[in-house]
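The following paragraphs lead the reader through a structure, which is shown here.

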Amino acid sequence: MIRFEHVGLRYGIGPEVLSDINFTLEPGTFHFLTGPSGAGKTSLLRLMYLGRRPTRGLINMFGQNVNGLSREQMAPLRQRIGMVFQNFRLLPHLSAFDNVALPLRIQGKTEKETKDNVDELLQWVGLGDHMHSIPSTLSGGQQQRIAIARAVIARPKLLLADEPTGNLDDEIGFRLMSLFEQLNRMGTTIVIATHNNQLMDRFHHLRLVLEGGHLKTEEPKNWIQRKVEGVIKA
Ligand SMILES: Nc1ncnc2c1ncn2[C@@H]1O[C@H](COP(=O)(O)OP(=O)(O)OP(=O)(O)O)[C@@H](O)[C@H]1O
Ligand SMILES: [Mg+2]
């Protein structure tokens with residue numbers, strides 16, 4: 001699904017914020033991406049979302065080397081990716097409903113199908129009463145839920161989420177995690193950037209850990225123990 005080989009990134013003439021990043025994400029996997037503030041989580045997601053080109057190294061997405069692709073050639077790849085941005089990036093002049101409907105309309109779904117799907121998902125994330133509100137009239141947590149709904153509505157092949165539960169209380173945060181897990185069971189590959197240790201302890205997924213621009217893979221602390229107990233199927 002994703003392969004990075006010796007990838008580096010710098011902004012302008014600044015230092016390398018990502019150095020020699022190597023990893024492969026298999027289709028259908030679920031990873032947390034973690035590390036201290038400023039470690040480069042958002043930058044790494046930006047590369048995976050094809051929002052920026054690496055300064056060096058190779059990136060392969062969906063079996064395609066993306067280094068040589070033009071912006072136009074990247075567009076169909078990007079349509080397979082759902083992205084929840086750290087700062088949401090909702091369209092300010094569109095209602096919650098129209099923001100979430102956008103990916104379905106781009107895919108050419110009928111208005112009836114779009115309405116049914118968007119209504120159901122907005123109800124599910126607890127925004128049934130705010131479908132026609134514009135983002136600036138809603139709280140941070142409500143805007144975050146719109147951003148999540150927009151990212152998942154078209155069932156992307158790859159879902160990237162940057163601190164998607166940052167503005168949410170535990171209950172709604174866990175509810176949205178279960179939405180991601182449901183999507184993952186249906187085949188979506190998922191990467192979630194988070195600082196939230198409680199979330200990572202509760203949901204047992206592999207961790208990509210960024211530190212000082214380098215990436216390593218870690219298993220959750222009690223992962224092995226739980227395997228032994230048979231809680232998680234090996
Ligand atoms: N657009 C940009 N231009 C210049 N430098 C940037 C830009 N975006 C990020 N950086 C720098 O890259 C480094 C990594 O930033 P990034 O936002 O990827 O970290 P992060 O791990 O997502 O942090 P946080 O947990 O606070 O969201 C930081 O030193 C930051 O200052
Ligand atoms: Mg960030």
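Which residue just after helix 3 takes a positive phi? Gly-108 does, with a phi of about 80 degrees. The model is a predicted one, in which local features need pLDDT of at least 70, side-chain atom pairs count only at pLDDT 80 or more, and totals for chains, interfaces and linings use all residues. Residues are numbered from 1 along each chain as its sequence is written, while chains are lettered from A and ligands numbered from 1 in the order in which they are written.

Helices (H or I, at least four residues) and strands (E, at least two) are DSSP runs, numbered from the N terminus. An open antiparallel sheet is formed by four strands in the order 2-1-4-5, where pairing requires at least two DSSP bridges between two strands. Its edge strands, strand 2 (16–25) and strand 5 (64–65), each pair on one side only. Six bridges join strand 2 to strand 1 (residues 2–10) in the antiparallel sense, and Leu-9 stands opposite Leu-18 in strand 2.

Around ligand 1 are residues including Tyr-11, Val-17, Lys-41, Thr-42 and Gln-86, each with its C-beta atom, placed from the backbone, within 6 Å of the ligand. Helix 1 gives the most to this shell, with three residues.

In helix 3 (residues 96–106), Ala-96, Phe-97, Asn-99, Val-100 and Ala-101 are buried, that is, 20 or more other C-beta atoms, placed from the backbone, lie within 10 Å of their own. The buried residues of helix 3 pack against helix 4 (111–124) and helix 5 (140–152), contact being defined as C-beta atoms, placed from the backbone, within 7 Å.

Key:
A residue is buried if 20 or more other C-beta atoms lie within 10 Å of its own, exposed if 12 or fewer, and partly exposed in between; C-beta atoms are placed from the backbone. Two residues are in contact if their C-beta atoms, placed from the backbone, lie within 7 Å.
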